[in-house]
Amino acid sequence: MSVLTRDEAQTRARLLDVHHYTIELDLTTGEDTFDSRTVIRFTARADADTFVELKPAELRSVTLDGHPLDPEQLVENRLPLPALTAGEHELRVDASMRYSRTGEGMHRFTDPTDGETYLYTQLFMNDVQRVFAAFDQPDLKAVFDLSVTAPQGWTVLANGITEHLGEGRWQAATTPLISTYLVAVAAGPWHSIRTEHRGLPFGIHCRRSLAPHLDADAEEILDITRQCYDRYHEKFEEPYPFDSYDQAFVPEFNAGAMENPGLVTFRDEFVYRSAVTDTERQTRGMVIAHEMAHMWFGDLVTLQWWDDIWLNESFAEYMGYQTLTEATRFTDTWTDFGVVRKAWGYDADQRPSTHPVAPENVDDTASALLNFDGISYAKGASALRQLVAWLGEKDFLAGINTHFARHKFANATLADFIDSLASGTERDVHAWADVWLRTTGVDTLTPTTTRADDGTHTLTVDRAGSRPHRIAVGLYDQDLGDTGRLVLRERLDLDIPQSDPQALGKRPALLLLNDGDLTYAKVRFDPDSFETVRTSLSGLPEPLTRAVVWNALRDAVRDGELPASAYLDAARAHLPHETDLALVQGVLAFASAQVADRYLTPEDRPAALTTLTALCRDLIRRTEDGSDPGLRLIAVRHFIDVAAHPDTIAAWLTEGTVPGGPELDPELRWRVLSRLAVLGATEETAIAAELARDPSATGQEGAARCRAALPDPEAKRTAWEAMFTADDLSNYLFTATAQGFWQPEQADLVREYVPRFYEDAVTLAARRGPAIAEAAGRWAFPTHAVEPETLRLGEDCLRDADLIPALRRKLVDQLDDLARALRVREA
């Protein structure tokens, strides 16, 4: 498929003014294809050649201004429109389109629980052409009229309010001006809950088999939706710009959610079938807040080209966390951001594939797709948080509202955004943007204290990097009444680079840079402060402060400055006293998936698992009184994941409960069975019996994961062929199979597949496209094989193979992480 280049998009934008799309979709033509008829009305500003994008199963007819065009002229996904004359035009396209099983275009899913089928679109970047013909670029906004013919008994959702006309025919309200990639349809026998807020129709939707679980959480989801809606109307002068607000939880969705105006689609794992922690509920709330922010930033005002994707994602990321904190019961969201999202950004920014938050050279859509990463989301949001700290929230919001007023229902660039921010402040926002948004890498801040003759101390901060930072420096003293507890003496505001050393007075027990986590930088400790961290980390009074410390330890391990075993020691010492669920989850995840599985040698891994098992057992004992079910759930999950012996967890599965609770719900049962499969303590009959017990889509994924994890040559061969040969796995079943396949405990069994991965992944990616390529690079890569030979094979593949961009990017990142793991082991 030909990808659209920036130059082509700019040329076409200068030539065309697109007014209106009329789209008719017929979803009753079979299980493989649907019919798509499109009428596009547009103006050409000059005589010229151009093209429209379309990727059909069959192109039946095309007419331009009533004159037929030859369907045979379609090359890959481009239909030439030669010799256009200046003036008004009408293009009509009649085609048959393929359903997708990879979450791209029009995805089709049949629920194994009840046999019901659901369809939804994901048209982001360049997948609209899988559903209807379009001038597919964000700056050719148009008005859309959409009608759909669906099977009887289905409901059709779209960007605007839909009306059932009878006999399965649905008509959506005419949209305002929106970009092609934001058009959305979701069709099926949805379970729907509808309400109204401030005169606007609200709806939440899921497949019928999830109805009891959506009903259980409906009030929480709708409360958060209402609270965020009201808070955004306090922040933004422009009112919500669409006629309704539907949120559809859809199956096998590749992203967390998609900001289609008026019809946000979410992965339906957010409809919880099993017990979850309050932090996981907070994450769902953040995604709701994030997507609603996009209604203004992304949908009302849209990027002109994909080099400014950060304008969409960084803004929504920042606003999602900040607004959830301000408007809902989740008042500590920045701790979770610091533990989970910020680490994602730091990691991405230290790889060879790093790029500026606002890159200048995004030449085509394939390149742009690679920038949906920790930099565009987490680093960009961190930069905006630092901007607010430097600029002040009042001036920041004034600039945002100026931006909306100037560019509503149109497109804007980074330069436009910075001009809008600059209009309301005396500060040099353009210079700030140059150093924060146009540069790469993570600055490192290191403190040095100097003792004067009178016994007082001063602080000098060394900056490895180039950005200015406004940070808080926390000075903590030991509590004289409780030697394990630290007391905040003072927080000093500090601008870096410094003009003069900062007076501290008496030297604190702990000096913490970036206390409050307002900037984006790695921080280090002076020797005395590190000793205090080692002994008293859990004695810090605020979870966000502890998050900054844990991130600093994590960074030091990854940089080879702190032994991986020391991180485990810190976790063993301090997590039994931790109260913040996001911190417990984040630290345990890094300790198991990175420290135990990758950074320690295979010889040292059993001892690490023993340490983590003992830690989780302590947390389980601590919560026996039922005082903290979320913490207990996290501890039980990780106890299962690190179990080196099957007896305890096998007994839990047999009894159906952990002694003292919780009972094993479907998620925990599949988790136990998966670990038993890795340990060779279960077999196919048990997996089949569990699938009969839970035949849902999640159960199908659990069974695929377990079968791939069995330590049996035939099981591995079957899983490999399913992933790389058969081509009938959906995106989710592919991921589940890949997750089960590679296990550190089975390194010898799967050794022959390590070299095979590179060759097979290249051909798979070329055959099945970017979504499966990304899944293969992320989940099917042999991450456990931390060996120089794995690295050499990968480097050969990068050099010699013809890789599609999505797979190349994933391999670059995986191989850099592999090289880092080798360096950490050597250190």
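Analyst: Welcome! Two strands pair if DSSP finds at least two bridges between them. This is a predicted model, with residues numbered from 1 along each chain. Local features need pLDDT of at least 70, side-chain atom pairs need 80 or more, totals for chains, interfaces and linings use all residues, and side-chain values use heavy atoms, without hydrogens or water.

User: Which strands stand at the edges of the open sheet of 5 strands?

Analyst: Strands here are DSSP runs of E with at least two residues, and helices are runs of H or I with at least four, both numbered from the N terminus. The sheet has mixed pairing and the order β15-β16-β17-β19-β18. Each edge strand has a single partner, so one of its sides lacks a neighbour in the sheet; these are β15 (191-197) and β18 (257-258).

User: Which residue in β19 is the bridge partner of Val250?

Analyst: Strand β17 covers residues 245-250 and β19 covers 263-267. They pair in the parallel sense over 5 bridges. Val250's partner in β19 is Arg267.

User: At what angle do α16 and α17 pack?

Analyst: Helix α16 spans residues 629-642 and helix α17 spans 647-655. Their axes, lines fitted to C-alpha atoms over the stretch in contact, lie 9 Å apart. The angle between N-to-C directions, on a scale from 0 to 180 degrees, is about 125°.

User: Which residues of α17 meet α16?

Analyst: Contact means heavy atoms within 4.5 Å. From α16 come Val636, Phe639 and Ile640. Their counterparts in α17 are Thr648, Ile649 and Trp652.
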